[in-house]
Structures are given as structure tokens and as C-alpha cells.
2 protein chains.
Amino acid sequence: MDPLIQTVSLNLGPRSYPIYVGNGLVDQAGRICSDLGLKGRVAVVTDRNVGTLYGDRIATTFENEGFTVSNHLVEAGEPSKSFKAAAELCEDLARHGVNRQSFVAALGGGVIGDLAGFVASIYYRGIPVVQIPTTVMAQVDSSIGGKTAINLSAGKNLVGTFHQPVAVLADTQTLSTLGKREWNEGFAEVIKYGVIRERALLSELREGNWNLHDLVRRCAAIKASFVEQDEKELTGSRALLNFGHTLGHGIEAAAGYGTLLHGEAVALGMVAAAHLCAKRVALPQEEVQELVSAIKHFDLPTVLPRQLSRSDILMKVFADKKFADGKIRFVVTNRLGEARVAHDLTAEDLEFGLRSIES
Amino acid sequence: MDPLIQTVSLNLGPRSYPIYVGNGLVDQAGRICSDLGLKGRVAVVTDRNVGTLYGDRIATTFENEGFTVSNHLVEAGEPSKSFKAAAELCEDLARHGVNRQSFVAALGGGVIGDLAGFVASIYYRGIPVVQIPTTVMAQVDSSIGGKTAINLSAGKNLVGTFHQPVAVLADTQTLSTLGKREWNEGFAEVIKYGVIRERALLSELREGNWNLHDLVRRCAAIKASFVEQDEKELTGSRALLNFGHTLGHGIEAAAGYGTLLHGEAVALGMVAAAHLCAKRVALPQEEVQELVSAIKHFDLPTVLPRQLSRSDILMKVFADKKFADGKIRFVVTNRLGEARVAHDLTAEDLEFGLRSIES
């Protein structure tokens, strides 16, 4: 392996896999997949934007290694996380002769990873998927850990599977073409890792004392360690990754999908959660401010858009699957760098958190 | 447990489950699910026909045990094994507040079991399903073993999951309301078990020397043993259950779904396979006739409908996922009661089999 490529191992027994981080991995996908023992046909799933940028290079690297390549374009954006898009993709795979000896390469951001991963998990009752994330958010978070999902009108990610990829290829070069807003939103998840596991990340981010390559690798390793401890989110440790997401999902849904980016909504959710933590579990005010300033550093929002009402958000929060059993489980921190799930919060506490981010 | 109810255990470590066979199990579903530790909300998925017959009784047994019941009606028939029906069912579950603490009860034949099992496997990334099969085919075969499926236009069962139920409740009383044709088709799968595992079944069936209760239990035990050996059809032993199904699926698809019942197509596939076995692996002619007479005993077809062309069928066969890697794997028997997968058959052999069942 190229010395400029680093490898994080995600260890889950027979479902273990490598996460590669480095520049130019897109052009090495064919060789890596070949080394993994994959062969035959690869179905490259991507959207028009990403396909335009990397479609040819991906096809070339696979063809050079003797794979048969078929290309499957999905509309960019959250609406593609739907049964309709999943059905169309499955039909398209079948038309192109993709079969149980084939595999899927999911090339793109979170939407592509979730949709293509879901389809790979159900097509022929499951074929392998290689995740090739091309956004910060997907590289540091969503491409790792095997959660796949589509949305229902009742909420985000209500349908899906656990289907671990056979490899993740995080090509940091692909991040250079991201727009400012898309770039920034990914750092909401990096900041989250700072809150729940590695406080130093927050100061490094704020001080600009970091390089992309190392940052992606460190975040991938943090994510991997949570997944290893609790693959299917049964024991609760994986649930810590939801810090800021409970309110964040509610905010994202109440705003209407696509209005706020996922990371923007999570940033708001984290600020609200931090204020809530100050009130209920004595998170020091200066640590709240430490979090807020990291978020501001990436031009992520810390104040709710005016038109969003607290009650709309709370309604969405309680419809969310994290609350589906009627109990409030909420990730809290009383000291940046560590977190736990609290079971004793009330609806009023959540409302307090939301009030703290109103303008 | 009622002494008139018999239990077959399907042993798959943490995914083990009981298969209950007996009269009146529909009215005991609530207590059985309660004993299994299930609680909260049960989503009963059924079709209009079955719902009319047993909907009230199922609701009552669950309500009596303190479950909250929601009812979800699916159109009867093969077209419901679709993404569209799966999407509608998921939306309906969400509207009724079905959540990750809930479970699904699949009440009906093979279509309901396949669809509801699939939806249970992806809703909230998987919730438990109890299979309550109400046809011979579903009781002796499809409700057992965790294969779930929907269809694509390219073929049957091309999308699905492995999702073992937490219990199977085969109420033999429900079989008394089956129409003649639906009753008979189920015996195609019973005959299959005779061919691949327990030859005595064939003579018992022909001589009428059997009772329904024992027959369902024996078949469930045979199916369970194949599933235990090879849960995900990786080693090949589960593949033996496909005897007659390779050509059968092609015949079913070429005729147009709904024209021939699944069991009718499998009966034709078995006769063709038997002639092929006589030619290629020296299955004695009297054993071919033993199989044919068992099939005729249940008024199942042994001759292809006139309008079906061999080439149409072969085209469908080669599009089937069993052939997706281009190699022909075909279940053969050289002595009734045992079977193996042959890898050396040719397209001409398959054509020979089909020619042998032309009128």
C-alpha cells in the first residue's frame, strides 16, 4: 500500500474491514477491490455531480483490474433516500446483469452511501458494498459502521439495514471540490467526536492546528471504535454518536429536508444540547462556549432560523425513532470529551434546550 | 403447551425458534407471543381474504394478552411482493405508531409471509416477525427458514433478506378453508421433500396413508434441518430444497405470474427434472413414475400448457438468480430420498427435461 495511505481497521470478526484514508484513492479502487478478492462485475452507484467529477476515473481503475463496470446514476439529494429510488436502482442493477457474484461501489456523499448500501443489502439478499465517500461528513461518519437507510414520510432513516461494507476508501482529494457549505457541515460531526470522545479536537479545529488527512483518519478511528463496541446499537455505546442528533433530526425535519443541511441541523442540536447539559448535568459554561466557538469557526449556525417554532421541532423529535418507545434517551456530557445516555430528562428539558438557541 | 400442539425446534444459536403445529393455534397466538417475551404493539399483516376469516380472532387473542393491535391489509396475490407494496406497508406501520419495540405478525400464505417478513427486516433496521402461515405451502415450506423476498420485473425473489422469525405458528385448522387448487399446490413441496429426503412420503401420499397434522410437522422438521445446516445457502445443502424449482421458476415466469400457481409450476419442474435425472444420472424409470403418480394424485400438472414455449422458459431460467454466475447448478437425484447439486449439466440437458413434459 502507498505510504501516503493510512489504514484504520474496523474489527467485527467475520465482518471486519479496512478503512483507507489518503489522496488519490479513487484511482486505486480497482486494485484495492481486487486485493480484497472481489471480482466480476462492479455496479458503480453515484449521483450526477459526483459522477461528472470521478465517474471516468472510477470506471478506468476498475476496468484496468479486469472488472466489468456498470454505472448507475441517482438523483442528487435527500429525496433519493426513498423506496422509489431504491426500487429504480434495483431494477437498473438487474437490467445490467448485476448478480450475486457482483458488488456495489457507492461513490458519493451520505445519501449515496445510505441508498446504495441499503440496496446492496437487499439485492439478491445481500451483495458486498465498497463505500467510497466523497464528502467530509461521509468520510468521517456515515460511510463507516454499516448503517444503511431510506426515509419514510414519518421520518428520516426509518427503514434500513445493518450491512457492513467490505472496505471504505476515503479519498481526501475528493474533498477539495466541495462547496463551502458542504465542507463546513461535515465538521459538525468532527466537533461531535470532540464532545463525546476527544476534546483536543475542538481546540485544534479552532486554532486551525490540523491537517485533513490526519483528521479524517482520527475521526474514522473514533467512529470505528464505537461501532466495534456496539455494532447494532444494542448496548447503548453506539448511541453516544447521536449527541446533538436528537434535536438535530427534529430541527432538520421541521425545517423541511434540504433547507438545512444535516450537519447544520446537528450543529444547532449540539448547541441546544450543550445548554441543556449546563442546566441538567452541570456542564461548565466555558465548555458550552468552547463548543459554540468551534461551531462558529466553521460558519455553522448556532441560532435557529426565525420561522422554526419550538413546538414543530418537538413534535418531530417525538416522532423520531430514537423516542419511539416513549422514553427520552438523550446523550449528555458533563465534561467535554466524554458522554453518556441520560434517561431522566423531561420534555421541558428539551424545550429549554431549544429555547436557548432561539434568536 | 396444549398436548395437541407439537413443536419442532429450529436451531440456529441466537436465532433459534420454535415451529408450532396444531389445531387452533390462531387463538393462542397472543399467549405464545407473550411467553416468547414479546410485548407492546403487534402489527398484524394479512390480506383481505385471510383477514376476513381470522382477523377478529387474531386481534382478540393479542388483545387478551395486553398487546396493542394494529391491522394492515395487503392486496392478495403475487403483485404485492413489490417495492410499492413494501413502501405502502412501511408507511402504514409508521402511521400506526409501530416502532422498534413492536413486532409483526404475518398472517397468510407465501406472499404475506415473504412481504411482511421483508418489511419486518428493514423497518427500524429490523423488528421481530412471527409467521402464522395459513396455506399448506407456507406451513410446510415458505414460513420456515427466514428467507424474505419481493420481486423485480427481471424475476421473482430478486430482492430480499434473511430474517428468521421468532416463531412459526402453523394452525392446521386454517387449511380447511383452502380452495382445491390452493390445497393441492402445497403438496408439490411435500412431494419435493419425499424426493430429496424421505421417500416414504411419496407412497404415503399416494395411498392416502397420512394425517395432516403429522405431515406438516414432518415437513417442517425436514425444512428446519436443511436451514440449520446452511442458513444462508452458502454451503449448498439448503440449495437441495430447490429441486424442481429451477425449471419451475422459469415455467412460472414464462406463463406469467398468477397463471400457474407456484406449486403447479414446481410440479412441472419436478417432472422435467426427473426425466433429466433418468437421462443423466440414471434415476430408474420406475422412480420417475413414482414421482409422477404422486403429482397426479394431487391433480397437479405433469404436462406443460400448450402455449408455453421451451425457449421462453429457458430464457427465464437463465435470467433466474440461481444461474446468475453463468454456471448451471441443478439439483438431481439418482435415487428417490436423496439429492445432490450437479454442476455438469448443459443447456441441452435442461431443454431435454422441458421437452419431456411437452404435450
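Student: Which residue stands opposite Ala105(B) in S5(B)?

Tutor: Val44(B) stands opposite Ala105(B). Before going on: this is a predicted model, where local features need pLDDT of at least 70, side-chain atom pairs count only at pLDDT 80 or more, and totals for chains, interfaces and linings use all residues. Residues are numbered from 1 along each chain as its sequence is written, while chains are lettered from A and ligands numbered from 1 in the order in which they are written.

Student: How many bridges are there between S3 and S5 of chain B?

Tutor: Four, in the parallel sense, between strand S3 (residues 41-47) and S5(B). Two strands pair if DSSP finds at least two bridges between them. Strands here are DSSP runs of E with at least two residues, helices are runs of H or I with at least four, and both are numbered from the N terminus.

Student: And which way does S6 of chain B run relative to S5(B)?

Tutor: S5(B) and strand S6 (residues 129-133) run parallel, joined by five bridges. Pro133(B) in S6(B) is the bridge partner of Gly108(B).

Student: How many residues of S5(B) are buried?

Tutor: Six of the six residues in strand S5 (residues 103-108) of chain B. Buried takes 20 or more other C-beta atoms within 10 Å of the residue's own, exposed takes 12 or fewer, and partly exposed is in between, with C-beta atoms placed from the backbone. One side of S5(B) has Phe103(B), Ala105(B) and Leu107(B), and the other has Val104(B), Ala106(B) and Gly108(B). In a regular strand the side chains alternate between the two faces of the sheet.

Student: Switching to chain A. What is the strand order in the open sheet?

Tutor: The order is S1-S2-S9-S6-S5-S3-S4, with mixed pairing. S1 (6-10) and S4 (68-74) of chain A each have a single partner strand, so one side of each is left without a neighbour in the sheet. From one strand to the next, the twist averages 20°.

Student: Which strands does H2 of chain A lie across?

Tutor: Helix H2 (residues 48-64) lies across S3, S4 and S5 of chain A, at about 165° to S3(A). Axes are lines fitted to C-alpha atoms, for helices over the stretch in contact, and angles run from 0 to 180 degrees between N-to-C directions.

Student: How do the axes of H10 and H11 of chain A cross?

Tutor: At roughly 175°, coming within 9 Å. H10(A) and H11(A) are therefore roughly antiparallel. Angles over 145 degrees count as roughly antiparallel, under 35 as roughly parallel, 65 to 115 as roughly perpendicular and the rest as oblique. The contact of H10(A) with H11(A) has nine nonpolar, two polar and no charged residues. For these classes, Ala, Val, Leu, Ile, Met, Phe, Trp, Tyr, Cys and Pro are nonpolar, Asp, Glu, Lys and Arg are charged, and the others, Gly among them, are polar.

Student: And what about H6 and H7 of chain A, how do they cross?

Tutor: Their axes come within 7 Å and cross at roughly 140°. That makes H6(A) oblique to H7(A).

Student: Last one: how many residues of chain B are in contact with chain A?

Tutor: 25 residues of chain B, with 25 residues of chain A. Contact is C-beta atoms, placed from the backbone, within 7 Å. H3(B) gives the largest share of the side of chain B that touches chain A, seven residues. That side has 14 nonpolar, five polar and six charged residues.

Technical notes:
Contact = placed C-beta atoms within 7 Å.
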